[in-house]
Amino acid sequence: MSRVTLLALQVLVAVVCLVLWQFFASVPVFGKILLPPFFFSNPVDVFAQIVKWFSSGVIWKHLGITLTESILAFVIGSAGGVLIGFWFARQPLVAAVFDPYVKMVNALPRVVLAPIFALWLGLGIWSKVALGVTLVFFIVFFNVYQGVKEVSRTVLDNGRMLGMSERQLMRHVYWPSALSWMFSSLHTSVGFAVVGAVVGEYLGSAAGLGYLIQQAEGIFDVAGVFAGMFVLSAFVILIDFGVTLVERRLLVWRPTASDGRG
Amino acid sequence: MTTPTAVALEDAKVAFRLGDDRVYTAVEKAHLSVAQGEFVAIVGPTGCGKSTLLNVAAGLLKPAAGSVKIFDQPLAGLNPDAGYLFQADALFPWKTALDNVAIGLEIKGTPRAEALPRAQKWLTSVGLGAFAGRYPHMLSGGQRKRVALAQVLIRDPKILLMDEPFGPLDAQTRQVMGNLLLDLWNADRKAVLFVTHDLEEAIALADRVVIMSAGPSSRIIGDWRVTLPRPRDIFEVRLDKEFHALHREIWSVLKDEVMKGYAQSTQAAEAV
């Protein structure tokens with residue numbers, strides 16, 4: 001199938017869905033409106049809301065806040081995950097001692113931590129960052145741990161036979177291997193950074209996309225909720241696209257960037 | 001003899017502890033010496049511990065008994081004089097061919113600006129001058145072996161240990177690689193310990209062919225000197241009369257071991 005046909009079909013799906021939505025929300029079928037506007041709104045109103053946000057410029061502030069929180073959560077969570085992952089992988093004893101606790105914390109649904117973080121860190125951005133960090137940290141941690149553990153035996157022996165010291169092995173063998181695992185989970189961890197930020201905002205904040213959605217919901221403004229959702233997914237797709245570009249640059253040496261591990 | 005001994009294994013025994021307190025003896029009472037500038041090939045049936053012996057010479061494995069001497073010095077830890085060519089892919093997949101070769105120098109503290117042109121020269125001498133920017137996965141199996149060879153040789157090791165290095169390659173590529181190896185070796189005649197399961201390859205390349213018995217507890221059971229003139233061409237040397245006579249003689253010993261090794265491996269499979 002050519003690219004143009006594929007694109008046309010993809011657009012067609014969106015158009016059909018939107019037309020059906022608009023139709024059932026405004027035209028009575030057998031004397032009944034199947035998608036009552038109070039519960040389902042309609043595409044025209046949602047679109048109008050989005051336009052209003054962007055034309056008045058309100059949305060930028062909220063997008064900016066959510067983006068800041070996501071980036072901070074990603075950076076802090078990744079840094080922690082890399083450090084601890086490395087440390088655990090190189091010190092089996094430490095890993096063995098902490099193993100049950102790591103599993104316990106990871107098993108905990110992170111949403112329940114949001115009230116605690118709100119209490120500790122207030123309603124500003126840091127409580128959201130903290131929530132995102134708890135999500136990102138474990139993904140990066142497990143991947144880096146695995147990456148260091150599963151360095152090919154032969155490659156490691158080769159490094160040793162070439163005369164590498166422990167430090168040089170770190171730099172030329174363990175580190176690149178761990179990074180490649182971390183990058184292969186980049187999409188997931190970036191996605192979770194955004195989830196942490198938005199959920200945190202939703203549960204208590206004064207700004208951000210999650211706040212917008214929560215506010216709209218509070219006054220039964222379904223168009224606002226849908227508009228928030230659309231802006232959010234467009235935002236995530238854009239970030240994901242950025243991640244793909246970064247990944248393509250950094251993992252040129254991998255056979256195919258798409259054969260995802262982890 | 002006045003030439004110094006590069007590698008000397010004396011009464012070396014290698015044993016592995018299996019999970020349930022049983023001990024598996026891979027190699028026993030191995031006596032082997034490689035003189036400086038000598039090319040020695042070790043041949044034996046699968047699972048006879050040829051690679052184990054090589055790992056002992058490299059210092060990757062410690063013998064349970066006996067001694068390993070490198071240039072008359074007892075070996076402690078890794079063998080710093082040895083370059084090791086692995087059977088499996090051992091290149092760093094995240095480095096380009098050029099960086100993979102240069103790393104051998106960079107480790108020793110050679111500045112990158114100096115290491116890169118020398119690495120390029122080595123890539124050219126293994127016939128891969130135009131592939132410097134490729135990552136290992138973009139190269140064929142034979143090309144990866146060439147890069148690995150350059151990676152090892154750029155450090156100018158005094159001893160070259162090779163563990164079935166051309167095993168994974170197809171027959172033609174193996175012969176080409178064999179000739180390349182001989183050409184490079186001829187330039188400065190390092191001591192070589194070359195493990196293979198291919199008797200023809202062993203005779204064509206080596207000065208001495210050492211035969212090991214089937215494992216477990218395998219021993220060295222034969223040692224033949226190959227007097228074919230050098231420089232040799234692997235394609236031609238196989239047509240030589242002396243080559244055939246030697247091949248027949250060694251094979252008569254090796255054949256029994258191969259059958260024994262085969263029988264043992266099938267019995268072991270049935271016992272499980």
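The dialogue below goes through some helices and contacts of this predicted model.

Student: Which hand does the crossing of H7(A) and H9(A) have?

Tutor: The crossing is right-handed.

Student: How do you know which residues make the contact of H7(A) with H9(A)?

Tutor: Two residues are in contact if their C-beta atoms, placed from the backbone, lie within 7 Å. On H7(A) the residues include Val140(A), Asn143(A) and Val144(A), and on H9(A) they include Tyr174(A), Ser177(A) and Trp181(A).

Student: What kinds of residues make up the contact of H7(A) with H9(A)?

Tutor: Seven are nonpolar, five are polar and none is charged. Gly147(A) is one of the contact residues, and Gly counts as polar.

Student: Which helices of chain A supply at least two residues of the side that touches chain B?

Tutor: In total, 17 residues of chain A are in contact with 20 residues of chain B. Helix H8, residues 153–161, and helix H9, residues 166–184, each supply at least two residues of that side of chain A. H8(A) gives the most, with six residues. The side of chain A that touches chain B has nine nonpolar, six polar and two charged residues.

Student: What does the UniProt record say about residues 63–247 of chain A?

Tutor: The unreviewed entry annotates them as "domain: ABC transmembrane type-1". Over this stretch the chain is 86% helix and 0% strand.

Definitions and conventions: Residues numbered from 1 in each chain as written. Chains lettered and ligands numbered in written order. Predicted model: local features only at pLDDT ≥ 70, side-chain atom pairs only at ≥ 80, totals over all residues. UniProt positions renumbered as here; feature names shortened; annotations may be inferred. Helix = DSSP H or I, 4+ residues; strand = E, 2+ residues; numbered from the N terminus. Left-handed = near helix turned anticlockwise from the far one by under 90°.
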